[in-house]
Amino acid sequence: MRLKNKVAIITGAASGIGKEIALVFAKEGAKVAIADLDLNQANLVVQEIQSMGRQAMPVVMNVIDEQQVQEGVDAVAKKFGGIDVLVSNAGIQIISPLEGLSYADWKKLLAIHLDGAFLTTRACLQYMYPAGKGGSIIYMGSVHSKEASVLKGPYVTAKHGLIGLCEVVAKEGAAHGVRANVICPGFVRTPLVEKQIPEQAKALNISNEEVIKKIMLKDTVDGEFTTTDDIAQVALFFASFASNALTGQSLIASHGWFME
Ligand SMILES: NC(=O)c1ccc[n+]([C@@H]2O[C@H](COP(=O)([O-])OP(=O)(O)OC[C@H]3O[C@@H](n4cnc5c(N)ncnc54)[C@H](O)[C@@H]3O)[C@@H](O)[C@H]2O)c1
């Protein structure tokens with residue numbers, strides 16, 4: 001087991017990519033905190049993990065609520081005895097051209113992705129540094145951390161910003177053995193993507209099938225979606241990598257949509 005007795009907090013773990021990471025980490029022996037807005041869904045994931053004979057706890061957390069983040073991280077450290085891994089994964093998407101985007105929506109998206117990453121990082125570092133056991137912080141970026149698409153102004157901005165935050169954490173955390181890396185997935189068929197297919201179709205005046213073929217998978221090498229398990233395996237690799245050799249990096253898993 002590659003994460004035996006490690007404690008991992010995963011935000012946005014009640015659904016999609018975060019949920020799969022939680023299941024894979026638990027299989028590998030981690031004690032997992034399912035942090036999400038949605039307590040009912042979080043509890044279902046906790047039950048699934050407990051039925052595998054592994055440990056998990058739900059944490060009600062809006063990642064942009066400073067007090068909830070601090071209290072949530074405190075509760076996990078108290079119950080499981082410290083924090084070894086943070087996966088800052090909670091996120092939303094808003095489809096709109098810039099000229100029609102409200103200031104409120106711009107700020108909402110940036111806050112969930114960037115303020116949420118900062119607040120959870122800060123709270124976890126406060127446990128990782130004094131414990132002296134190192135740690136791994138993983139940010140859920142996107143191919144949109146590397147390139148732009150129309151209709152996704154705040155998302156592309158936020159996902160690029162996560163690379164900057166990751167690199168600072170890598171530099172500041174090095175002396176404490178705390179590593180930081182970014183995962184950059186291509187399109188994965190989670191609720192976040194299912195919702196945007198008809199939204200993009202409407203905005204671009206094309207069919208749902210055309211959104212999938214001509215936008216989402218157009219530049220992949222094989223016309224395939226990336227899967228939640230693909231991304232969970234990358235997260236496991238980053239979480240279990242044992243030295244500062246692998247820090248400040250971003251890894252793209254997108255069926256070749258973006259190559260660098
Ligand atoms: N699905 C994709 O194609 C794709 C591609 C690249 C990156 N991503 C990123 O992966 C991450 C997870 O996305 P997903 O596709 O699994 O989406 P999802 O909608 O299935 O899951 C997102 C989860 O985040 C939670 N969440 C939303 N706002 C929150 C908040 N303020 N506080 C706490 N939790 C909150 C939701 O309740 C939900 O459980 C996001 O950061 C997303 O940008 C997704």
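Modeller: Two helices, H4 (103–131) and H5 (153–173), each supply at least two residues of the lining of the largest cavity in this predicted model. The greatest contribution to that lining comes from H4, with four residues. The search of the whole structure turns up one cavity of 30 Å³ or more, and the volume of the largest cavity is about 60 Å³. Its lining consists of Thr-11, Val-63, Ser-88, Asn-89, Ala-90, Ile-112, His-113, Gly-116, Ala-117, Met-140, Lys-159 and Leu-162. By class, these lining residues are six nonpolar, five polar and one charged.

The largest pocket holds about 850 Å³ of space. Lining this pocket are 42 residues, of which Asn-89, Ala-90, Gly-91, Ile-92 and Leu-192 are the closest to its centre. Two or more lining residues come from each of H1, strand E2 (31–36), H4, H5 and H6. For the pocket, however, H6 gives the most, with six residues. The pocket lining divides into 19 nonpolar, 17 polar and six charged residues.

The largest pocket is the space that the ligand takes. Around the ligand there are 29 residues, and those that come nearest are Ser-15, Asp-36, Tyr-155, Val-188 and Thr-190. Helices H1 (16–27), H4, H5 and H6 (191–204) each supply at least two residues of this shell. H6 again gives the most, here with three residues, as it does with six in the lining of the pocket. Of the shell residues, 16 are nonpolar, eleven polar and two charged.

At Ile-17, a backbone N or O atom is 2.8 Å from an oxygen atom of the ligand. At Met-61, a backbone N or O atom is 3.4 Å from a nitrogen atom of the ligand. On its own the ligand has 820 Å² of accessible area, and the protein covers 92% of that.

Two further points concern the backbone. Asn-5, in the segment before strand E1 (7–11), has a phi near 65°, which is positive although the residue is not glycine. Leu-151 also has a positive phi in a residue other than glycine, near 75°, and is found in the loop between strand E5 (135–140) and H5.

To bring the parts together: H4 leads in the lining of the largest cavity, while H6 leads in the lining of the largest pocket and in the shell around the ligand.

How values were computed. Residues are numbered from 1 along each chain as its sequence is written. This is a predicted model: local features need pLDDT of at least 70, side-chain atom pairs count only at pLDDT 80 or more; totals for chains, interfaces and linings use all residues. Side-chain values use heavy atoms; hydrogens and water are left out. On a 1 Å grid over the protein atoms alone, a cavity is a set of points where a 1.4 Å probe fits but cannot get out, and a pocket is an open set with protein on both sides within 12 Å along at least five of seven lines; lining residues have an atom within 4 Å of a point. Grid points are joined across faces, edges and corners, and a volume is the space filled by probe spheres set on the points. Ala, Val, Leu, Ile, Met, Phe, Trp, Tyr, Cys and Pro count as nonpolar, Asp, Glu, Lys and Arg as charged, and the others, Gly among them, as polar. A residue is near a molecule or strand if one of its heavy atoms lies within 4 Å of it. A polar contact is a pair of N or O atoms within 3.5 Å; within protein, one must be able to donate a hydrogen and the other to accept it, and residues adjacent in sequence count only if both atoms are side-chain atoms. Accessible areas come from the Shrake-Rupley method with a 1.4 Å probe; for residues, only the protein chains shown count as cover. A molecule sits in a cavity or pocket if more than half of its atoms lie within 2 Å of its grid points.
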